[in-house]
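Keep the sequence and the structure in view as you read.

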Amino acid sequence: MADLEPCIVEAIESIEHFIAEVTGRKPTRQELARSLKRYFILNEIKDQVVWQRENPDL
């Protein structure tokens, strides 16, 4: 992940940490990649990005 922006690496690490805390096991990269490609997750991320664009001060 060395060629990724630090903020992206931090976000992925946050997801891994959250999943490990909740389930007791860190997700594999394959599990994480498959999950991030799912329509529901992509749509949720899109909604969040749009919201942030409309509310940059929050």
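This is a predicted model: local features need pLDDT of at least 70, side-chain atom pairs count only at pLDDT 80 or more; totals for chains, interfaces and linings use all residues.

Q: How many residues does helix α1 have, and how far does α1 reach from its first C-alpha to its last?
A: Helix α1 covers residues 6–23, which makes 18 residues. At 1.5 Å a residue, the expected reach is 26 Å. The model comes close to that, with a reach of 26 Å.

Q: Which residues of α1 are buried?
A: Buried here means under 20% relative accessible area. In α1, that applies to Val-9, Ile-12 and Glu-16. They cover an arc of only 70° around the axis, so they sit on the same side of α1. The buried residues are Val-9, Ile-12 and Glu-16.

Q: What do the buried residues of α1 pack against?
A: The face turned away from the buried side carries exposed residues, including Pro-6, His-17 and Phe-18. The buried residues have a packing partner, a helix spanning 29–36. That partner is α2.

Q: Is Glu-16 buried or exposed?
A: Glu-16 is found in helix α1. Its relative accessibility is 8%. The cut-off for buried is under 20%, so Glu-16 counts as buried.

Q: How many Å apart in space are Ile-15 and Leu-32, C-alpha to C-alpha?
A: Ile-15 also belongs to helix α1. Ile-15 is partly exposed, with a relative accessible area of 30%. Not counting residues up to four places away in sequence, Ile-15 touches Leu-32 and Leu-36. Ile-15 and Leu-32 are 17 residues apart in sequence, yet their C-alpha atoms are 8.6 Å apart.

Q: Which residue follows α1, and where is its phi?
A: The residue after α1 is Gly-24. Its phi is positive, near 90°.

Q: How many residues of the lining of the largest pocket are nonpolar, polar and charged?
A: Among the lining residues are Ile-8, Ala-11, Ser-35 and Ile-45. The lining of the largest pocket divides into seven nonpolar, one polar and no charged.

Notes
Residues are numbered from 1 along each chain as its sequence is written. Side-chain values use heavy atoms; hydrogens and water are left out. Helices (H or I, at least four residues) and strands (E, at least two) are DSSP runs, numbered from the N terminus. The expected span of a helix is 1.5 Å times one less than its number of residues. Buried means under 20% relative accessible area, exposed over 50%, partly exposed in between (1.4 Å probe, protein chains only). The arc is that of the directions from the helix axis to the C-beta atoms. Contact means heavy atoms within 4.5 Å. On a 1 Å grid over the protein atoms alone, a cavity is a set of points where a 1.4 Å probe fits but cannot get out, and a pocket is an open set with protein on both sides within 12 Å along at least five of seven lines; lining residues have an atom within 4 Å of a point. Ala, Val, Leu, Ile, Met, Phe, Trp, Tyr, Cys and Pro count as nonpolar, Asp, Glu, Lys and Arg as charged, and the others, Gly among them, as polar.
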